[in-house]
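Points are grouped by site.

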Amino acid sequence: MSTCRVCDGDVVEFLDLGRQPLSDHFRSGPGLPGEFFYRLAVGVCGDCTMVQLMKEVPREKMFHEDYPYYSSGSSVMQKHFEDTARRFLKTELTGPDPFIVEIGSNDGVLLRTIHEAGVRHLGFEPSGKVADVARASGLRVHGDFFEEVSAIEVHESEGSADVVYGANTICHIPYLKSVFRGVDALLAPDGVFVFEDPYLGDILEKRSFDQIYDEHFFFFTARSVQAMAARFGFELIDAERLPVHGGEVRYTIARAGARRPSEALVRLIAEEDARGLSDLCRLHRFVADIHGIRDDLVGLLRRLKDEGKTVVAYGATAKSATVTNFCGIGPDLVAWVCDTTPAKQGRLTPGMHIPVRSPDAFATEAADYALLFAWNHAEEIMAKEQEFRRAGGQWILYVPEVHIAGA
Ligand code: DWN
Ligand code: SAH
Ligand code: ZN
């Protein structure tokens, strides 16, 4: 049992994914001492229904100078954030001197478009090198974690924000009480707090248990976010499903009573209630699904090895740390993984120590099979790697079940 980070209720554990490393810690050698491990387990709050990790990893271990995830690495995501920024510019940032604050602005993938439109902005980004990429393109980035104290400081120097936005970041923050107090201090009376994160409804349906790792602390539903917003004096007014990263929801929160809730929100909550998303029996079915995927994936990889096939992987994702460490998949089953991120190349994946190489290796060293760790970018990757299939290669996917793509 643990205590809910939102409402202090009792959190009941339903899933144990075992001993796991930091998902974004790519080591330069196997002999290095002191790799950090923790027990990755998930529970659900009996009071407010929030699904969350049983224990947090200290934030400085995850988000630091060398954090290796660069948001602009996917052209689909670049377009997604350009569209999102344009929408804010049209709907919310229309006053005389509008101001947007982004929590987790990373390499500036969203704020670039805001800056080009000449609109006042500030990113909060504690991870040093990714923040520097954004600064190099002229963006204003505060190198701090967003929380109550840092938000109040910014409010004092910059005034109120019309939009506070976070993509794939709010679910990373266990101390959400402090975040909400910060948003309360910073947000204009008619402003909106908007965030988008992987959706529990999609995770259960797609059995994408790899969305669970140290950085992903919360797994939101419209129901749980509605309860959370109300607890902090706000109101959830809209929820929009998004296709990116395997299925997300964008939540829009306003001050209580300031705006009318949308019909789409009412519909999504009714659908969630009908599906019983946070019922323990539904969550236990998810756990059984995950064990099935592990057995099928390890079985397939062992069979291919026995048949003398070469298997590599594509995308050294944070998500794949959960898959490889939970399933026990190391370089004996997957020879190497390719990834476009220079900061990951030449290093070893967390825990299972699979070598990371550049996609050039994928093009020149024909493999029989490629396990697609970056399955959320399947369309983009398969489109640019068509030659792999032409040469007889086949893609292995494990979402929503273990299968060969197109077979
Ligand atoms: O929430 C998070 C998301 C937004 O990003 C963070 N906690 C950490 C990170 O998670 P991830 O590593 O699972 O995200 P992605 O977007 O699935 O990672 C894709 C990886 O694949 C990156 O390392 C880049 C690489 N890649 C590639 O090699 N070729 C990606 C594309 C699109 C490609 O064509
Ligand atoms: N918004 C980007 C980045 C997501 S990765 C995208 O959607 O692609 C999560 C980012 O949040 C990392 O860059 C990390 O450094 C940052 N982050 C983590 N905790 C934070 C906090 N409390 N305040 C601001 N940024 C934070
Ligand atoms: Zn709770």
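In this predicted model, the zinc ion (ligand 3) sits in a tetrahedral site, with angles of 100 to 114° among its four donor atoms. For comparison, the ideal angle for four tetrahedral donors is 109.5 degrees.

**Zinc site**

- The zinc ion (ligand 3) is held by the SG atoms of Cys 4, Cys 7, Cys 45 and Cys 48, at distances of 2.2 to 2.4 Å.
- Along the chain, these donors of the zinc ion follow the spacing C-x2-C-x37-C-x2-C.
- Cys 4 belongs to the loop between β1 (2-3) and β2 (10-21), while Cys 45 belongs to strand β3 (residues 37-45), so this pair ties together parts that are 41 residues apart in sequence.
- Cys 4 counts as buried because its relative accessibility is 1%, under the 20% cut-off.
- Cys 45 has a relative accessibility of 3% and likewise counts as buried.

**Ligand 1**

- Lys 384 places a polar side-chain atom 2.6 Å from an oxygen atom of ligand 1.
- The side chain of His 216 has an N or O atom 2.9 Å from an oxygen atom of ligand 1, and the side chain of Tyr 213 has one 2.9 Å from a nitrogen atom of the ligand.
- On its own, ligand 1 has 700 Å² of accessible area, of which the protein covers 96%.

**Ligand 2**

- An N or O atom in the side chain of Asn 168 lies 2.8 Å from an oxygen atom of ligand 2.
- For Thr 169, the distance from a side-chain N or O atom to an oxygen atom of ligand 2 is 3.4 Å.
- Tyr 175 has a polar side-chain atom 2.9 Å from a nitrogen atom of ligand 2.
- The protein covers 98% of the 570 Å² of accessible area that ligand 2 has on its own.

Terms used: Residues are numbered from 1 along each chain as its sequence is written. Chains are lettered from A and ligands numbered from 1 in the order in which they are written. This is a predicted model: local features need pLDDT of at least 70, side-chain atom pairs count only at pLDDT 80 or more; totals for chains, interfaces and linings use all residues. Side-chain values use heavy atoms; hydrogens and water are left out. Donors are N, O and S atoms within 2.8 Å of the metal (3.2 Å for Na, K and Ca); water is not among the atoms, so sites may look incomplete. Four donors count as tetrahedral if all angles lie between 85 and 135 degrees; four count as square planar and six as octahedral if opposite donors are over 155 degrees apart and all others between 65 and 115; anything else is irregular. Helices (H or I, at least four residues) and strands (E, at least two) are DSSP runs, numbered from the N terminus. Buried means under 20% relative accessible area, exposed over 50%, partly exposed in between (1.4 Å probe, protein chains only). A polar contact is a pair of N or O atoms within 3.5 Å; within protein, one must be able to donate a hydrogen and the other to accept it, and residues adjacent in sequence count only if both atoms are side-chain atoms. Accessible areas come from the Shrake-Rupley method with a 1.4 Å probe; for residues, only the protein chains shown count as cover.
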